[in-house]
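Below are some notes on helix packing and strand pairing, as requested. Please read them alongside the model.

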Amino acid sequence: MSYYEIQGGRSLYGTLEVHGAKNSVLPILAACLLVPGQCVLHNCPDLSDVSATLDILRLLGGRAEREGDTVVVDASALIRSSIPEHLMREMRSSVIFLGALLARLGTAELSYPGGCELGPRPIDLHLAALRALGAEILEEQGALCCRRCRKGLQGREICLSIPSVGATENAMLAACGCPGQTTIVGAAQEPEIADLQGFLRAAGAQVTGAGTSTITIQGGGALHPVEYRVMGDRIEAATYLCAAAAARGEVELTGVAPDTLTAVLACLERAGCTLRTGGESISLSSAAPLGGIEPVRTAPYPGFPTDAQAILMAALAGGKGNTLFVENIFDSRYRHVDELRRMGADIQVAGRTAMVSGVGRLHGASLRSTDLRGGAALVVAALGAEGATQVFELRHIKRGYQDLDKNLRTLGADIQEVP
Ligand code: EPZ
């Protein structure tokens, strides 16, 4: 079992290009099922979640090949509509295939996606949206069997009670296969939704409104082969910025649109960092210990992203001043706190809130990643800490970060993956 060995205290300097966004490429790969031909996707990060998704596409009968950061998918000849349990367990976000399989094949069988490290992960909104479009969904012994009702799928209005990212994406993909107009009211507004719309429109779908709370799809038309570039990963960018804030130094990121992580940049600026932004670049310099800031409340986009909560907390824990966090999206997204405490962090958790009292400097420790972003948070904390830190359970981190150690080394960090 390999682990990261990190010597903290080295400032970070240099420029780094951010990879394509994991949470954009996953739904776009599912959307390739709607295209009876070849799709060429550029800027596809090489992550275990992406590999798992390519395996599902192949298992369904598609062809999927990677050439560097370009992935070529051909879903002309699909041979099955069921996703086996072991692949669903490997990645719960595979539920995103539901809408695309219904639209393309009219049926879909997959096992209930299990909960994950963030607590229960219900899919009631996904199922309600698909039923509204005419899907019959049977739930038996943990499996979902979906098929078009006799009358077939038909576009109509869908109201989401929570702006669920996954439910919005599933509804968009299913609606592409529904004759007529579908309106998704209360849709998630994350930039990855707009990226999915960009892909669908490039393939000939009539989708508008992504990035707002109302998305409209004129479904039923045939889609055609497409070549598309995936957006930069705003959470990966937030991770490197928080690393530079924690370790000090001057870092420039390219390949990411600053307006996709405004809330994170505002927090880093209030904590004492100096930020400069360009069209597709963000520069951060940090020379003093981070200060405490107003409460950080996670919220649907454009609010503060829940995926950056642990990462910012790790940077502030080693600063000065106090900051209150309120995690409003997931039920248990503070599993990294115990690990940060092993580094000397002073964090008091009470339900959804966590009060971070900066201790000036953390110290190294032997740590275990608990989840994807919690694991990245431990690396951020270790870079600014005194002494050596080991981070185990790297499989969580590798789900969402390509070459994390190599990228940090190019910025001057002392981090090695020890087999
Ligand atoms: C997406 O997950 C992202 N994953 C998550 O990123 C991200 O944290 C999340 O959106 C919120 O931004 C991908 O895009 C692959 P939701 P998703 O549906 O779609 C509740 C990462 O670290 N809910 O927006 O699963 C749910 O329990 C990952 O990259 C229902 O109640 O999130 C949660 O409390 C982690 N019923 C809230 O909504 C439903 O049917 C938001 O979940 C669906 C969701």
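1. A crossing is called left-handed if the near helix is turned anticlockwise from the far one by less than a right angle, and right-handed if clockwise. By that convention α5 passes α6 in a right-handed crossing. Helices (H or I, at least four residues) and strands (E, at least two) are DSSP runs, numbered from the N terminus.

2. This is a predicted model: local features need pLDDT of at least 70, side-chain atom pairs count only at pLDDT 80 or more, and totals for chains, interfaces and linings use all residues. Residues are numbered from 1 along each chain as its sequence is written, and side-chain values use heavy atoms, with hydrogens and water left out.

3. The axes of α5 (residues 124–132) and α6 (residues 165–175) lie 8 Å apart at an angle of about 20°. Axes are lines fitted to C-alpha atoms, for helices over the stretch in contact, and angles run from 0 to 180 degrees between N-to-C directions. The two helices are therefore roughly parallel (under 35 degrees; over 145 is roughly antiparallel, 65 to 115 roughly perpendicular, the rest oblique).

4. In contact (heavy atoms within 4.5 Å) are L125, H126, A129 and L130 of α5 with G166, A167, N170, A171 and A174 of α6.

5. Strands β4 (residues 63–67) and β5 (residues 70–74) are antiparallel, joined by five bridges; pairing requires at least two DSSP bridges. E67 stands opposite T70. Two residues separate the strands of this hairpin, and G68 in the turn has a positive phi of about 70°.
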